[in-house]
Amino acid sequence: MKIIVPVKRVIDYNVKPRVKPDGSGVDLANVKMSMNPFDEIAVEEALRLREKGVATEVVAVSIGPDKAQETLRTALAMGADRAILVVAEDVEPLGVAKILAKIMDEEQPGLVILGKQAIDDDSNQTGQMLAALTGRPQGTFASKVEVSGDTVSVTREVDGGLETVSLKTPAIVTTDLRLNEPRYASLPNIMKAKSKPLAQKTPADYGVDVTPRLKTLKVTEPPVRSAGIKVADVDALVAKLKEMGVAA
Amino acid sequence: MSVLVFVEHDNASVKDATLAAVTAAGKLGEVHALVAGSGCGAVAQEAAKIAGVTKVHVADDAAYANQLAENVAPLIASLADHHDAFVFPATSHGKNIAPRVAALLDVMQISDILSVESADTFTRPIYAGNAIATVQSSDARKVITVRGTAFAKAETTGGSATIEPVTGKGDAGISSFIGSEIAKQERPELTSAKIIVSGGRALKDSATFSEVILPLADKLGAGVGASRAAVDAGYVPNDYQVGQTGKIVAPEVYIAVGISGAIQHLAGMKDSKIIIAINKDEDAPIFQVADIGLVADLFTAVPELVGKL
């Protein structure tokens, strides 16, 4: 079984985003960029399934700028077998899902594992949309994935706790934080990744129109919360709580 | 314009998150509701009483019992001829189903809206709430998920909607529900609690978390939350997590105990009315957003606080 893992190049998890003064977006110039953390978890899960002998090949895919090559090289260094880069800027989840649906057609994977959301636009849509477009089942927000034969059992993190669904493959899985702990790429593997195959495509190669449907009119800073007061001890805190009516 | 709100329920009663979605939908047009479930007649009756709802569509079918996206999304998409917008609460159910509906309708979804600026323009948080984007949709139909803390809850009485049965294709035959482990919470649910007491990694382990946090929560009648670090360390189950990727909460009072205040955590609670922080590190970022801070060792301060309340 082949597994496709879409990955996105985003602002690094540890960088605090700054809104541009002209309100046109978030300033990404000279900012550290990395693989979306949820996508790292997706790559890891695919690799573990290959190591268990469930999967035979792991293909990393990115739809993004030229520099998304670096993100794909990271996936290859972690252990993915080959990569496909579809060069396009600022494609919305619907457009990404349409391209991925075409890639699924070509590659015929048993599973597509994606991060549940990207930490830049926080949309949380691509996996579900891909499942809809291909008419395949979806296991979103996964904390456990078990493949047996032509079904995959996915334990999902839902509001009240956990829920388990059984899906017929090919299926789409989106990862939550506790699915696994992604590995670091070793230096020899980083070297080896440089010679792994990376194909370059464009949305036109797949006949997909990626014209955005949403227009960002402006981006602003959220309302700032200012620090309040510090109290000296528990007695003072209790007094404050009583003053506010929180405690009787 | 008529707007269809997806009712979140457990086949017995309407979940609170639906009410904020009804309020958001009311800003767009006439509000209809969809109850998809199995043996969900009581839910439909309840939904019909929500203020502002004029019509309730009920799809009562075993295939919809657990609201599997594969079965429910085509049902919702089949109602597109009569609705211009589809509004879902941004809960785990809503986030699971809405994009599947959007793609079936060839619509780019607008996730997690904070406000309705006009019929096609909305604000939504990006970058974990570190920026707010105003976006305008060019799609003829809108598919929207609503952040529950950003809209007032619609009244649960006063409505007298008509109830109309609808049928869909039922089971798509590609997925099945195996089971769930839903924690029985005797405490208020996080997304609707008036007071929340949250613990962080400083709580050491599961037993200590319970010993320190629960008495305070009990004393205040509060819901219990946790930081991602505490959840990852296994002190409490995943559904306690407050933050960018966990639950977004906005209670009257949020008490953060031993939580340093990573931006991902702040993203989930900074809209709380009053934030109280107890942390022994006076430089912890949580104090930058706290209305009241107490720099103290939580292992002595919290029991003392419980004793004096």
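This is a predicted model: local features need pLDDT of at least 70, side-chain atom pairs count only at pLDDT 80 or more; totals for chains, interfaces and linings use all residues.

Visitor: OK, how many residues of chain A are in contact with chain B?
Guide: 64 residues of chain A are in contact with 69 residues of chain B. Contact here means that the C-beta atoms, placed from the backbone, lie within 7 Å.

Visitor: Which strand gives the most to chain A's side?
Guide: That's β9(A), with eight residues. Other elements that each supply at least two residues include α3 (93-107), β7 (138-148) and α6 (234-243) of chain A. Helices (H or I, at least four residues) and strands (E, at least two) are DSSP runs, numbered from the N terminus.

Visitor: And how do the residues on that side divide by class?
Guide: 30 are nonpolar, 15 polar and 19 charged. Ala, Val, Leu, Ile, Met, Phe, Trp, Tyr, Cys and Pro count as nonpolar, Asp, Glu, Lys and Arg as charged, and the others, Gly among them, as polar.

Visitor: What's the order of strands in the open sheet?
Guide: 10 strands, running β11(A)-β5(A)-β4(A)-β1(A)-β6(A)-β10(A)-β7(A)-β8(A)-β9(A)-β11(B), with mixed pairing. Strands pair if DSSP finds at least two bridges between them. The edges are β11 (198-201) of chain A and β11 (175-182) of chain B, each pairing on one side only.

Visitor: Zoom in on β1(A) for me. How many bridges join it to β6(A)?
Guide: Two, and the strands run parallel. Within that pair, A:Ile4 has A:Val112 as its bridge partner.

Visitor: Where does β13(A) go?
Guide: Across to chain B: three bridges join β13(A) to β16 (residues 292-295) of chain B, again parallel. A:Ile229 stands opposite B:Ile292 there.

Visitor: New topic: where's the cis peptide bond?
Guide: Between A:Thr169 and A:Pro170, with omega about -5°. A:Pro170 sits in the loop between β9 (161-168) and β10 (171-175) of chain A.

Visitor: What's the phi of B:Asp112?
Guide: Positive, about 60°, although B:Asp112 is not a glycine. B:Asp112 is in strand β5 (residues 110-113) of chain B.

Visitor: Buried or exposed?
Guide: B:Asp112 is buried, with 25 other C-beta atoms within 10 Å. The cut-offs, with C-beta atoms placed from the backbone: buried is 20 or more other C-beta atoms within 10 Å of a residue's own, exposed is 12 or fewer, and partly exposed is in between.

Visitor: And B:Tyr127, what about its phi?
Guide: Near 50°, again positive in a residue other than glycine. B:Tyr127 lies in the loop between β7 (121-126) and β8 (131-137) of chain B, and B:Tyr127 is buried, with 25 other C-beta atoms within 10 Å.

Visitor: Last one: how is chain B divided?
Guide: Into domain 1 (2-165) and domain 2 (195-308), with bounds from an automatic or database domain assignment. Their C-alpha centres lie 31 Å apart. Five residues of domain 1 are in contact with eight residues of domain 2.

Technical notes. Residues are numbered from 1 along each chain as its sequence is written. Chains are lettered from A and ligands numbered from 1 in the order in which they are written. Two residues are in contact if their C-beta atoms, placed from the backbone, lie within 7 Å.
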